[in-house]
Amino acid sequence: MIERYKLILTVSLAVVAAAVVASAQQGWSQGQTIKQGSGAAAVNAVYYDGDDIWVVGAHGFVARSPDDGGTFQESRVGIDEGLNDVYKRGDRIWIVGDHGTILRSTDDGRSFIRTTTSPASGSAGGGSQSRSGPIDLYSVLFTDPNRGFIVGDHGLILATSDSGLSWREQRSGTDAQLFHLSFQGDRGWVVGTGGVVLHTDDGGKNWYPQRSGVSEDLNRVYMVSDRKGLITGDKGTLLDTENGGATWSRVSLRVNEPLFGVSFTDKKTGWVVGYGGRIIRTYDGGHNWVEQSSGTQADLFGVSFHKNRGYAIGRDGVVMRYYERR
């Protein structure tokens, strides 16, 4: 029996050693496909806070990985609507999706409460197009534990000051689909279809347009500081600002595919992902970009980094993991 225990211990240590080596591998590597039921999950967004990885997607899919993407544990939230974004702050999690769906957790994701928004019919965020019933929500962000924002179809911008218990509509002045937002203090930016960029200096009380200089749909905005920021969009669009969006300049890239997710670990180091497995990285705050080999041709929709680790998600449940020694 003693010899058998020694053999088991030896094998166990070998497995642990192999796992350590694998986790220490630098660069991008493909993880296990994220599953929903018996098939690949249609994942739309990822959030990584250094501890857990949260992903959301079609048909009410919510899952968490506590082991650096080794496994994903699905959370049953009891809905079938598509979920488009997830944001975590401490033990609170907010998720938004189609048909005005908002999910909220105050216990680190052990349970979720659903809120469905149905803004009144009429002018859409100050535009001319009317609404009829619930609309799709695309992005959620909180600037502190209580104050948060959501954007969606028909120029919709929602704000909360009570951690998401209630939401009020803000006047955006546009009917565009609004896909993403980023805040630095009271200063916020929103992007959407047709090259739309909106900006606020007063926590969303007033929004006004900024000139993007492009007509392509804009997919993500990421403000590194209240002056420095980036926007990704269709047809390889990457925009840069050094003055809080007073002017946006197009970054020259040899990229034609749509670009989506953006994540930075500091003011100089960041990544952008897009269709066709495209991953580009900057070492100087976005002035110059280099392509990194992702090892996949899958379309990538989102990326999230914390320190020296990051995760990108894409079509058919693809999850890419990144690690580098620092």
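Student: What residues is Phe-112 in contact with, leaving aside its neighbours within four places in sequence?
Tutor: Trp-54, Val-62, Val-77, Ile-93, Ile-95, Leu-103, Arg-104 and Ser-105. They're called contacts because heavy atoms come within 4.5 Å. Keep in mind that this is a predicted model, where local features need pLDDT of at least 70 and side-chain atom pairs count only at pLDDT 80 or more, while totals for chains, interfaces and linings use all residues. Residues are numbered from 1 along each chain as its sequence is written, and side-chain values use heavy atoms, leaving out hydrogens and water.

Student: Which members of the largest nonpolar core touch the most other members?
Tutor: Val-62, Ile-95, Phe-112, Ile-150, Leu-178 and Val-190, out of 38 residues. To belong to a nonpolar core, a residue must be a buried Ala, Val, Leu, Ile, Met, Phe, Trp, Tyr or Cys, joined to the set through side-chain atoms within 4.5 Å. Another core, of 14 residues, lies apart from it and includes Ala-41, Val-46, Phe-72 and Val-319.

Student: Why is Ser-75 called buried?
Tutor: Check the cut-offs: buried is under 20% relative accessible area, exposed is over 50%, and partly exposed is in between, using a 1.4 Å probe and protein chains only. Ser-75 has 16%, so buried it is. Ser-75 sits in the loop between strand 7 (73-74) and strand 8 (83-89). Not counting residues up to four places away in sequence, Ser-75 touches Trp-54, Val-62, Ala-63 and Gly-109.

Student: And what makes Asp-299 count as buried?
Tutor: Its relative accessibility is 15%, so Asp-299 passes too. Asp-299 is also in a loop, between strand 27 (290-292) and strand 28 (300-306).

Student: What lies 2.9 Å from a polar atom of the Asp-299 side chain?
Tutor: The backbone nitrogen of Gly-276. Polar contacts are pairs of N or O atoms within 3.5 Å; within protein, one must be able to donate a hydrogen and the other to accept it, and residues adjacent in sequence count only if both atoms are side-chain atoms.

Student: How do you know that strand 12 and strand 13 pair?
Tutor: Two strands pair if DSSP finds at least two bridges between them. Strand 12 (residues 137-142) and strand 13 have 5, in the antiparallel sense. Strands are DSSP runs (E, at least two residues), numbered from the N terminus.

Student: What makes strand 13 "mostly covered"?
Tutor: Of its 5 residues, 148-152, 5 are buried. Gly-148, Ile-150 and Gly-152 are on one side, with Phe-149 and Val-151 on the other. Strand 13 also runs antiparallel to strand 14 (residues 157-160), joined by 4 bridges. Gly-148 has Thr-160 as its bridge partner there.

Student: Why do strand 20 (218-223) and strand 23 (249-250) stand at the edges?
Tutor: Their open sheet has the order 20-21-22-23, with antiparallel pairing. Strand 20 and strand 23 each have a single partner strand, so one side of each has no neighbour in the sheet.

Student: Which residues are closest to the centre of the largest pocket?
Tutor: The pocket's volume is about 800 Å³, and the closest of its 35 lining residues are Tyr-47, Tyr-87, Tyr-222, Val-262 and Ser-263. On a 1 Å grid over the protein atoms alone, a pocket is an open set of points where a 1.4 Å probe fits, with protein on both sides within 12 Å along at least five of seven lines; lining residues have an atom within 4 Å of a point. Volume is the space filled by probe spheres set on those points, which are joined across faces, edges and corners.
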